[in-house]
Structures are given as structure tokens and as C-alpha cells.
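Here are a few notes from my pass through this one. Have the viewer open while you read.

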Amino acid sequence: MNPRNALNFSGGPGALPESVLEQVRQAIDEVPETGLSILGISHRSDWFAGVVAELEDSVRQLLGLPPDFRVLFLQGGATQQFTMVPMSLLPPGGFADYVHSGYWSGKSIAEGRCSGDVRVVWSGADAGFSRLPGPDELTCSPEAAYFHYVSNETVEGVQFHDVPGRDDVPRVCDMSSDFMSRPFDAGRFSLIYAHAQKNLGPAGVTVVLVRDALLERAPVGLPGFLDYRVQAAAHSIFNTPPVFAIYVVLLVMRWLRDEIGGVARMAEINQRKASMLYRVIDGSDGFFRGKAASVDRSLMNVSFELATPEADRRFLAEAAAAGFSGLAGHRSLGGVRASIYNALSEEAVARLCGFMEDFRRRG
Ligand SMILES: *Cc1c(COP(=O)(O)O)cnc(C)c1O
């Protein structure tokens, strides 16, 4: 066991539960049910078909998904979904409404525009993406082919705490950095995507939840790899899938169910972790400065800065020397960002809080 893994506050890929890492170590050598290394098991084996089936079931049960959702495990990351969504759902002559709430929604808009008419219904650019729109600031069109937003802006640390958009327009959400961190009403969504490397497992696999009715709207003649219908018909084994990554996501889902007790329990823990950190920031007399508006603060990515970039650098250097890693803000923003995904324990967050208070006392 490597104790530094427990203090990995990276924005992603990030921390995984120690009990999962332990099973992964064993699986590299030998998956108990097969006698083979996980790195050398065929994606066409019955064992792997069972892994995909169990994983799909776990996702359905953990989220209480309505039965008309397909559960897919795709490649290409969330970035490929920035393209697949408009390719499938944005007809010629139609348009889609997007919220521009930060770095990742900005990427989704730029990529979406390669495929069609993407309209920005609200932008936080003038506010430095430090806040999110209130319900009356969003003017979404009933004519839009769909409405797209990012539930948690990983870079800036702002998170929607309610569901924006209209219930009469298909709602599409990039939940990459808060998927499985809290319960939500899946019935209000048409398509949800989340790549693994924030809350679910290693990079290489992206979970896509899509309603049957939406699949019907995709144009015919898409390349199979980029066609949700083809991927659904192949049960996510259209070509060689990332067997290892999918297996680890299954281990993480078992951990979430058996060790944590489900998504609602996870949300309580995540709430406590975030509160601890924001309390230290708010109680620091401006020594630590939170970047996000209080009501829109993320429970997954706590972003803050000190008085000067030099102070940020000294904080990060001393934190690294004390065993904490991954605390530097995104390369586009600087500052400090503590990513406290599901696998980051309350003990680890308490230790970071202790370090911050100690650092402040030392000046
Ligand atoms: C990290 C992240 C992405 C990028 O995902 P890739 O798998 O690298 O394409 C997209 N959206 C959000 C919200 C993210 O946090």
C-alpha cells in the first residue's frame, strides 16, 4: 500500500479507493474467477460479457434508472461525446441550446459547432465563470433539438445544485466530474455522459446513459463507432473495449454499493468533506480566497487562491512536501484546487484542512 494515494487531490485521473487498488493489484496477476491477468483476458470471453452485464446492472440500480435508458460504455472520453451528441441529435436546420458555465462547457460548445447550430443561452465569461445562472436568467427555447449543460465545472469549481433547462426539451448533461457523487432524478434527462477518470475508475471508458426514444432520432449512415444504436446493439463491445478500465469501474461500483452504501450515502460524505474545506476557507479572514460564488460552490472541486501567485506557489510546494499531491489549479487558471472525488476519504480532507490552518498560522 502506498500512503500517498490516500492524499491524491488530483483533478483527474484521481484517487481510487484503497480496497479497489488492492483488488486491481491482484487482478493484474490473476482475476480469481479466470486464473488469468486482467490485462490478457479476451473481450469476447463469457467472463467479460458478465462484467459488462453486472456493471450495467450496478449503474441502473445505484441511480434508479428508468428502464428505457440504455447504458453504454464507450471510448474517446467526454470529448468524444462533445461530438457524438450533436452528430446524433442535432438535425440540419435545427439548433441546440448550451450553457457556457466554464472551461468544459466551452469545449463542448466549440466541438458542437463543428456539427451544427449551437446557441449559447447563458455565459459566465464576464464573471470569470465564478457563478452559475439562476433559473430566471436562462431563456431556453422550446424549439431547441436539445439543451446541454455541464453539471460540475471541474476547472472553476462551480456546480449546479438543481437541474436547469426545460422539461419539454431533451436535456443532455456532461456529468463527468460529479457522476455517482449524489443522487439525481434521471427521469428528467435524455442523455447523460461521464468519463471514468474523475469518480469512476481509470481513464479509457465513458459511461453514456441514453433513452431509447432519442436513439431513434439519430441520422442513418453514421460510422458504427460513433452511432449510439450500433454501440447499444453490440452491448458496448462493437470493437475491442478497454477491458481493464471497465473491470475497474465495476470494482468501484461494488465499493460504492457495499462499502459506502449507495449514492445517497456517498452524497452525505461528500457534503461533509466539502463543508470542512469551505469552513477553513471562509474562516481564514481572506487568507484563503474561494473562487466560486458561495451558492454555486462545487462539492467535488474546491478552488481557491492565496493573496499572490507567489503565496500559491509556496503553499503548493509545502503541501507537496507534506505528502499531498494534485493540488495545483488547472493549467488554464492557476491557484489551488482540491478535488475531493468519491474515493477521497474524510480523513484525507481533514488532514488537508489541518495543513491549511497550520500554514496560515505560520503566515
Ligand atoms: C475532465 C472533463 C472532461 C474531459 O474529458 P476527457 O475524457 O478528457 O475527454 C469533460 N467534461 C468534464 C466536466 C470534465 O471534468
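What covers the buried residues of H4? Keep in mind that this is a predicted model.

1. Helix H4 spans residues 103–112, and its buried residues are Tyr103, Ser105, Gly106, Ser108, Ile109 and Gly112. Their cover includes one helix, H3 (77–89), plus strands S2 (95–100), S3 (117–123), S4 (147–150) and S5 (152–153).

2. On to the ligand. There are 14 residues around the ligand, and those that come nearest are Thr79, Thr154, Asp174, His195 and Lys198. Thr79 falls within the residue range given for H3, one of the elements covering H4.

3. Now the polar contacts, if you want distances to check. Aspartate 174 has a side-chain N or O atom 2.7 Å from a nitrogen atom of the ligand. For histidine 195, a polar side-chain atom sits 2.4 Å from a ligand oxygen, and for lysine 198 a side-chain N or O atom is 2.5 Å from an oxygen of the ligand. Taken on its own, the ligand has 390 Å² of accessible area, and the protein covers 88% of that.

4. Have a look at aspartate 312 too, which is in helix H9 (residues 309–321). Aspartate 312 is buried but has no salt bridge. Lysine 291 is the nearest side chain of opposite charge, and it is 6.6 Å away, against a salt-bridge cut-off of 4 Å.

5. What does the side chain of aspartate 312 have at 2.7 Å from one of its polar atoms? That would be the backbone nitrogen of leucine 306. Leaving out residues up to four places away in sequence, aspartate 312 touches Glu305, Leu306, Gly335 and Val336.

Conventions: Residues are numbered from 1 along each chain as its sequence is written. This is a predicted model: local features need pLDDT of at least 70, side-chain atom pairs count only at pLDDT 80 or more; totals for chains, interfaces and linings use all residues. Side-chain values use heavy atoms; hydrogens and water are left out. Helices (H or I, at least four residues) and strands (E, at least two) are DSSP runs, numbered from the N terminus. Buried means under 20% relative accessible area, exposed over 50%, partly exposed in between (1.4 Å probe, protein chains only). Lys and Arg count as positive and Asp and Glu as negative; His and the chain ends are not counted. A polar contact is a pair of N or O atoms within 3.5 Å; within protein, one must be able to donate a hydrogen and the other to accept it, and residues adjacent in sequence count only if both atoms are side-chain atoms. Contact means heavy atoms within 4.5 Å. A residue is near a molecule or strand if one of its heavy atoms lies within 4 Å of it. Accessible areas come from the Shrake-Rupley method with a 1.4 Å probe; for residues, only the protein chains shown count as cover.
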